[in-house]
Amino acid sequence: MTTTTGLPAVSLPPYFAYHGQHLLVEGVPLQRLAREHGTPLFVYSKAAMLSALTAYQRGLAGRKHLICYAMKANSSLAILQTLVRAGCGLDIVSGGELERAMAAGAEPSRVIFSGVGKTRTEMRQALKLGIGCFNVESRAELDVLDAVAREMGLRAPVSVRVNPNVDAQTHPYISTGLKGNKFGIAHEDVLDTYRHAAGCAGLRVVGIDCHIGSQITQAAPYLDAMDRVLDLVESIEAAGIAIEHIDFGGGLGIDYQGDAPPQADQLWKQLLAKLDARGFGNRTIMIEPGRSLVGNAGACVTEVLYRKPGEHKNFLIVDAAMNDLPRPALYEAFHRIVPLVQADGDAPSTTWDVVGPVCESGDWIGRDRALAVQAGDLLAVLSAGAYCMSMASNYNTRGRAAEVLVDGDKAWLIRSRESAADQFRLERPLPAV
Ligand SMILES: *Cc1c(COP(=O)(O)O)cnc(C)c1O
């Protein structure tokens, strides 16, 4: 994508494109949606989500498999419905997510429950529904789950999340698959944990799982983790405990800023070659992708409120903030920011820090961005489909944004803008004096 404005060319995610000067999502101009629904506004492309899913489905075609969308990336009901109707199971991390999964029409047996801190109440709730698998992260959790299931006269299907300790020297960007973080059971303790689980009357061992991190942009760490997990499957099965499914987690990255992660089908071509070579090609494969299914399918549309040029920095104050787009404040993450209507040929551009109205210096959305914009102009913060709306808060009593799902030339409002009354509905004022 090249621009004629003299501004740096910005590449756009699939299904986002300029037609003339106007930025469209599939067939719908974003400006029209912003006028209709106001800003800040999250807009998602259904085709972008489905094409991301199709890449995984293509990669795993002909194999026994289940793709469980890690719904913490974006748990809005219509997003879940879109992926569930296209064949996804779900990976949940709380009882609340389980209720959302059910509300979206997911089949409980196609839902798996991850996370280090499941409560007894959440375990009961999931067992009662007939959840597909608990991905257990500690010996203590295993024992509690065993007790809860026995009280209910049930056997809980379990998988142990193993920490493959993928070498930090070679893959320093991986954050959850290394010794020294809270996730998973250490490699050397895994066999004992399986022996213990196999002896519990309230448990039924069904699988093994790992998840080594997020925004991973290379195949090597996945290949390393697969080897480590398969080594464990061999020793567990040698001890007489059958492993039905192998779950390789999520974590595949997306292009935020010129990142070039492998395509899901290409990655799985390599992984399946290893699986076949090691004789595990006929196992049920499970995966838990989150970001890579929804991240590049969404944008957040925001209006420029004020230009505030300064001696050291120029600030562009917009109506979206860290409560809508928490990733820059949390991880210093980068989102591309582009105008909804491209400026004319030689409009002068200025370098701006794009910031929100929240009373925190951490409330920034993009730094040092060349933009030719005036107050009242609209901008799109790209690659905002994952870990934005699902992490949104009400800080500063800001209502959460509205959301729209685009399908071809149609657009559906999938979440209304949250009002102040919505926010204090559960609060109880003191009696009158
Ligand atoms: C967050 C998470 C995922 C999804 O990670 P992405 O980077 O969004 O693909 C998958 N599995 C587990 C256990 C997770 O915690």
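These legends go with a handful of close-up views of the structure. The model is predicted, so to speak of local features we ask for pLDDT of at least 70 and count side-chain atom pairs only at pLDDT 80 or more, while totals for chains, interfaces and linings use all residues. Residues are numbered from 1 along each chain as its sequence is written, and side-chain values use heavy atoms, with hydrogens and water left out.

View 1. The ligand has 14 residues around it, and Lys72, Ser214, Glu288, Arg291 and Tyr387 come nearest (around here: a heavy atom within 4 Å). Sort that shell by class and you get three nonpolar, six polar and five charged residues. For the classes, Ala, Val, Leu, Ile, Met, Phe, Trp, Tyr, Cys and Pro count as nonpolar, Asp, Glu, Lys and Arg as charged, and the others, Gly among them, as polar.

View 2. Polar contacts are pairs of N or O atoms within 3.5 Å. On the oxygen side, a side-chain N or O atom of Ser214 sits 2.4 Å from an oxygen atom of the ligand, and a polar backbone atom of Arg291 is 2.7 Å from a ligand oxygen atom. A nitrogen atom of the ligand has a polar side-chain atom of His211 at 3.5 Å. The ligand taken alone exposes 380 Å², and the protein buries 92% of that (Shrake-Rupley areas, 1.4 Å probe).

**View 3. The largest pocket.** This is the space that the ligand takes (more than half of its atoms lie within 2 Å of the grid points). A pocket is an open set of points on a 1 Å grid over the protein atoms alone, with protein on both sides within 12 Å along at least five of seven lines; lining residues have an atom within 4 Å of a point. The volume is about 730 Å³, counted as the space filled by probe spheres set on the points. Of the 38 lining residues, Lys72, His211, Ser214, Arg291 and Tyr387 are closest to the centre. By class, the lining has 14 nonpolar, 14 polar and ten charged residues.

View 4. The largest cavity comes to about 60 Å³. Its lining includes Tyr56, Tyr222, Trp268 and Pro289, and helix H9 (264-277) gives the largest share, three residues.

View 5. Thr39 and Pro40 are joined by a cis peptide bond, with omega about -10 degrees. Pro40 is in the loop between helix H1 (30-37) and strand S4 (41-45). Glu26 is not a glycine, yet has a positive phi of about 45 degrees; look for Glu26 in the loop between strand S2 (22-25) and strand S3 (28-29).

How values were computed:
Polar contact = N/O pair within 3.5 Å; in protein donor to acceptor, adjacent residues only side chain to side chain. 1 Å grid on protein atoms, 1.4 Å probe; cavity = no way out; pocket = protein on both sides within 12 Å on 5 of 7 lines; lining within 4 Å. Helix = DSSP H or I, 4+ residues; strand = E, 2+ residues; numbered from the N terminus.
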